[in-house]
Amino acid sequence: MVKLCKEIKVSPEEMRAAYCGALIEEGKKNPKVVTVDCDLMNSCGTKGFMKAFPDRAFNIGIQEQNACAMAGGLSAAGLIPFVHTFAVFATRRIYDQIFLSCAYAGKNVKIVGCDAGVSAAFNGGTHMAFEDMGIMRVMPDVTILEPSDPVMMRALLPQVAETYGVFYLRMPRKTVYQIYEEGSEFTLGKAEIIREGSDITLIAIGLEVRQALAAADILAAEGISARVVDMFTLKPVDADCIRKCAAETGAIVTCENESIIGGLGSAVAEVLVEADPVPMGRIGVRDEFGEVGPQSYLEERFGLTAAHIADKAREVLARKK
């Protein structure tokens, strides 16, 4: 069962803390779980795992490509490696190693990319991954997910650890909003309709789930009934949910903290164009590089706010038959 918090507010727990706590619990259950870090244990929040399991945590320094190849070898030896670094390094820098040493080789490796999208904030454009989901989505046999809050992280991490294969888990590492009540349960590959609506569907992922819910409130004040979907698994995307929402509401807006090229917007559009297309709009970064600034500024700068989502919904509704 999934329950929204009565009041969506800043979580007292950072995402990296929720992640590490969940990983430690998996480590207690399964001695095969190990970590590989690239001199970012403090940033990615994995020091707790090293403290709990010093013989199963490897900090190999700033050599991400080697870390990924090493993870493939650890998997070949029967272990379950989790590789941690910033999202830009976890995808762009080690793409060929993920492809060859992990996915093509059929290994059991979990890649964790921190500081996704505008959550990179003051690390700036060089560290601001907008393209990571898109490039990972075209790689065969890779599961891609982006938990929306610490509660979802704790629910999904065991499934990641216990499901064989290559995973890319994308997340902000610091403060996020808590959307779900403790005890909420989620299933990989199955989207959640978290707010009902009949006029339009807002399909969101990650940080944009909160913004989509706020946009639905804005639209409700205007008499527009907006459904909100948390599409936390990007690949395999829940095509049944997308088709259901298209049929029942007749219009869709996707909302993502990443490039609109190749990510959630592209995945949803692909499903729709092969089924029964409906008017659709995309909220996300529009073919641009990142820049330095507070996250709130960047959300406005790249058009990721609830107000931008509401504007896009009105535009799409104007095209609805």
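Colleague: Which residue in β12 is the bridge partner of Ile-144?

Modeller: Lys-235 is the partner of Ile-144 in β12. The model is predicted: local features need pLDDT of at least 70, side-chain atom pairs count only at pLDDT 80 or more, and totals for chains, interfaces and linings use all residues. Residues are numbered from 1 along each chain as its sequence is written, and side-chain values use heavy atoms, with hydrogens and water left out.

Colleague: What makes β6 and β12 a pair, and in which sense do they run?

Modeller: Strand β6 (residues 142–145) is joined to β12 by two bridges, and they run antiparallel. Strands pair if DSSP finds at least two bridges between them, so β6 and β12 count as paired. The strands themselves are DSSP runs of E over at least two residues, while helices are runs of H or I over at least four, both numbered from the N terminus.

Colleague: In what order do the seven strands of the open sheet stand?

Modeller: The order is β3-β2-β4-β5-β7-β6-β12, with mixed pairing. At the edges are β3 (57–59) and β12 (233–235), each with a single partner strand, so one side of each has no neighbour in the sheet. From one strand to the next, the twist averages 20°. Such angles lie between N-to-C directions and run from 0 to 180 degrees; the axes are lines fitted to C-alpha atoms, for helices over the stretch in contact.

Colleague: What is the strand order in the open sheet of five?

Modeller: That sheet reads β9-β11-β10-β13-β14, and its pairing is mixed. Its edge strands are β9 (192–195) and β14, each of which pairs on one side only. Neighbouring strands here are turned against each other by 25° on average, direction ignored. At the β9 end, three bridges join β9 to strand β11 (residues 226–230), and the two run antiparallel. Glu-192 stands opposite Asp-230 in β11.

Colleague: What makes β14 mostly covered?

Modeller: Five of the six residues in β14 (residues 280–285) are buried. Buried means under 20% relative accessible area, exposed means over 50%, and partly exposed lies in between (1.4 Å probe, protein chains only). β14 pairs with strand β13 (residues 252–259) in the parallel sense over five bridges, and Ser-259 has Val-285 as its bridge partner in β14.

Colleague: Which hand does the β-α-β crossover from β13 to β14 have?

Modeller: The chain passes from β13 through helix α11 (residues 264–273) to β14, and this crossover is right-handed. With the strands pointing away from the viewer, the path from the first strand over the helix to the second runs clockwise, which is what the term requires.

Colleague: Why is Ile-179 called buried?

Modeller: Its relative accessible area is 1%, so Ile-179 counts as buried. Ile-179 sits in strand β8 (residues 177–180).

Colleague: Which salt bridge does Asp-240 form?

Modeller: Asp-240 meets Arg-243 at 2.8 Å, N to O. The two are three residues apart in helix α10 (residues 239–249). Arg-243 counts as partly exposed at 37%. Glu-248 and Lys-244 also meet in a salt bridge, at 2.9 Å, N to O. They are four residues apart in α10, so about one helical turn separates them. Glu-248 is partly exposed at 40%, and Lys-244 is partly exposed at 39%. Elsewhere, salt bridges with shared partners join Asp-132, Glu-146, Arg-170 and Glu-258 into one network.

Colleague: Which residues form the nonpolar patch on the surface?

Modeller: Phe-99, Leu-100 and Tyr-104 do, with about 340 Å² of accessible area together. Patches take residues with over 30% relative accessible area and no salt bridge, joining like charges within 9 Å and nonpolar side chains (Val, Leu, Ile, Met, Phe, Trp, Tyr) within 5 Å. The areas come from the Shrake-Rupley method with a 1.4 Å probe, and for residues only the protein chains shown count as cover. Leu-100, in helix α6 (residues 95–103), has 44% relative accessible area and is therefore partly exposed.

Note on methods: Salt bridge = Lys/Arg side-chain N within 4 Å of Asp/Glu carboxyl O.
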